[in-house]
Amino acid sequence: MKRTLLFLAVLTLYVLHQDFWFWRTAHPLVFGFVPIGLFYQACFSVAASLLMLLLVKFAWPDHLEREIEQRETEEDVTR
Amino acid sequence: MIPAIFVFVYLAAVLYIGIFAFRQARGRERAEDYFLASRSLGPFVFLFSLFGTNMTAFAILGSSGHAFSNGIVTFGLMASSSGLVIPLTIFLIGTRVWALGKKFGFMTPVQMFRDRWECEHIGTAIFVVQAVLLVPYIIIGIMGGGTTLKVISGDLVPYWFGGAIVALVVMGYVFFGGMRGTAWVNTFQTVLFLLFGVIAIIVIGAGMGGFRSAANAMLASPALAPLLTRERISPLYFFSYTFIPLSAIAFPHILIFCLTAEKMNHFKKTVIFYPLCILAIWLPCVFLGVMANRVTDIPQVRAKQEARRVLATQGKTMEPEARDQLREQAAGDDVIMLLLQRYAPLWLAGLLGAGIMAAVMASDSQILALSTMFTEDIFAFYGGKRRFGEAVQVHTGRIFIVIITIVAYAVALRAPETIFELAIQYAFSGFAALSPLLVAALFWKGSTKWGALAVTLWTAAAVVAVAVFQHAVPAPAPGPPLVFWNLGGTEALSRTPGGTAVFGFMPVVPMVLVSALLMVVVSLVTRKPKQTTIAKYFGFSK
């Protein structure tokens, strides 16, 4: 369930990248000089970072790390 | 000349970092230490060096130049899509490759493919395609270094001498420092990049008297207002661009870098902060590139705008050569340097010039990756390591670095830059089309070496086909594309002012999709690797 939700979140963000709703307008100018289309894409980058935070928190491939650490510990003991 | 002095100080600093790394590694003449820094990079160096490795001259010069001509769309096209796709591929693919590298001792992607699919010469075919697609980067890096040093020094340093200095410095720290030196230099360069964006926007903003009036004046001008929207770019083209960042993880220098982390935990910060690093560098550069259109007191910028105007109004009636010449005049790759020269005090322009040099000199990782690939995938694989030992393998890698740098410098002196700029465009699509190799190797038990061969041959053929098509059919003037093949009323193949369109998409879309399809279809009808081999790759305990 957790993985499905994360997959949907990734898919949603990918779709949100195609922001056709701001395609032909520069208004409003955020802070008086940043066109809305550029501001939206900057916010998108922040959202991408937050999504990565969720992926790291809830879908990190711990099993890969565990096995490597276990191997390294075994090798250290053998030495 | 003062800015050039800052740049020379910067060049001396990076050379020193490389030699310092060499001293640190003295007595450890092992291939894994030289080529992978003994897989021991910490989280900070890993994040910054991996990011720096992926940022080329395009990050500062190209992004602002593209934005100067095309407007704010540049950020969505190239930066924010990369901010989603690249960390995602590092999360999914980079971590797994790291684990397999630790487990089985791989140092290159081809080593992994050879073992995973029980293939020998198919691995060599993949090496050849990867190497051919990588070489233009090294050449363009030297060309960029020569050009930048020439501009920064006000023509006091000639192109040939600037190119030679940059080639020597890069060769020096890669030769001595190997991966450790390259990673440290990349970290230093990334810090400079990040500072560059912030300082440049403050200084130029103040010089222009604030951006508010510039933005409003652009909105009031019918010729410039579209640059603050995306109306000149089709949504299909915009969508196509999201396929390009798939190339990042397939670049050998990025994948090899993934093997250098000491712990898998170090990937966490990289994955989370990657989109923010892209934002910090690209947003100021894109914004400044757009705003450069409002600058009226820099004659070179006005000349570019005039060339753009002539191209738009009279381009259709011109000969292709004349159009290309105008395109070159209208190109804005140097606008950010012109803005700095105009608005920044001399000492600051020098400091920021060093930041630009940091971006231009991104060919270090490619040179090292090519050397790693040659010594591991060819020299060691065909018996060199067994016969001559590991120390000779490292020496061979160093000799290879010298040879490739000299060859790249010689080519950079003779060939026109545009050829290699085009080659890089093809290389992005080519590496994106190779990405199904990684997905199949890591996530699909049923994939086979014949599927891998089909993907490799298709990628090579598609890259050549696009290059031949674009060479044979000159780019039309700005406006509607030149339809080359119409299929039932649909534009199947067109030549656009910026490249090629297949059913309205950039070629990278069909290239990636056909690659994936070939991997599936060919693998389904060919023999799988042994069960023991598959178990090795899919046997991580859950």
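# Briefing on chains A and B of a predicted model

B:Phe188 lies in helix H8 of chain B, where helices (H or I, at least four residues) and strands (E, at least two) are DSSP runs numbered from the N terminus. This is a predicted model, in which local features need pLDDT of at least 70 and side-chain atom pairs count only at pLDDT 80 or more, whereas totals for chains, interfaces and linings use all residues. Residues are numbered from 1 along each chain as its sequence is written, while chains are lettered from A and ligands numbered from 1 in the order in which they are written.

**Confidence**

- The model scores ipTM 0.94 and pTM 0.92.
- Chain B has a mean pLDDT (the predictor's confidence in each residue, from 0 to 100) of 88, and 96% of its residues reach 70 or more.
- Within chain B, confidence is lowest in H17(B), at a mean of 76, and highest in helix H23 (residues 508-524), at 97.

- B:Phe188 is partly exposed, with 17 other C-beta atoms within 10 Å; a residue is buried if 20 or more other C-beta atoms lie within 10 Å of its own, exposed if 12 or fewer, and partly exposed in between, with C-beta atoms placed from the backbone.
- Leaving aside residues up to four places away in sequence, B:Phe188 touches B:Val14 and B:Ile17, contact being defined by C-beta atoms, placed from the backbone, that lie within 7 Å.
- B:Phe188 and B:Ile60 are 128 residues apart in sequence and 16 Å apart in space, C-alpha to C-alpha.
- The axes of helix H3 (residues 43-54) of chain B and H8(B) come within 7 Å and cross at roughly 80°, where axes are lines fitted to C-alpha atoms, for helices over the stretch in contact, and angles run from 0 to 180 degrees between N-to-C directions.
- H3(B) and H8(B) are therefore roughly perpendicular to each other, given that angles under 35 degrees count as roughly parallel, over 145 as roughly antiparallel, 65 to 115 as roughly perpendicular and the rest as oblique.
- Among the residues that meet are B:Val45, B:Phe48 and B:Phe51 in H3(B), and B:Ala183, B:Trp184 and B:Val191 in H8(B).

- Helix H4 (residues 61-70) of chain B is largely enclosed by the rest of the structure, because 10 of its 10 residues are buried.
- The cover over the buried residues of H4(B) includes helices H5 (73-104), H13 (266-291) and H14 (299-314) of chain B.
- The axes of H13(B) and H16(B) come within 10 Å and cross at roughly 80°, which makes H13(B) roughly perpendicular to H16(B).
- B:Cys285, B:Leu288 and B:Gly289 in H13(B) meet B:Val335, B:Ile336 and B:Leu339 in H16(B).

**Contact between chains A and B**

- The contact takes 33 residues from chain A and 42 residues from chain B.
- On the side of chain A that touches chain B, the largest share, 12 residues, comes from H2(A).

Note on methods
Contact = placed C-beta atoms within 7 Å.
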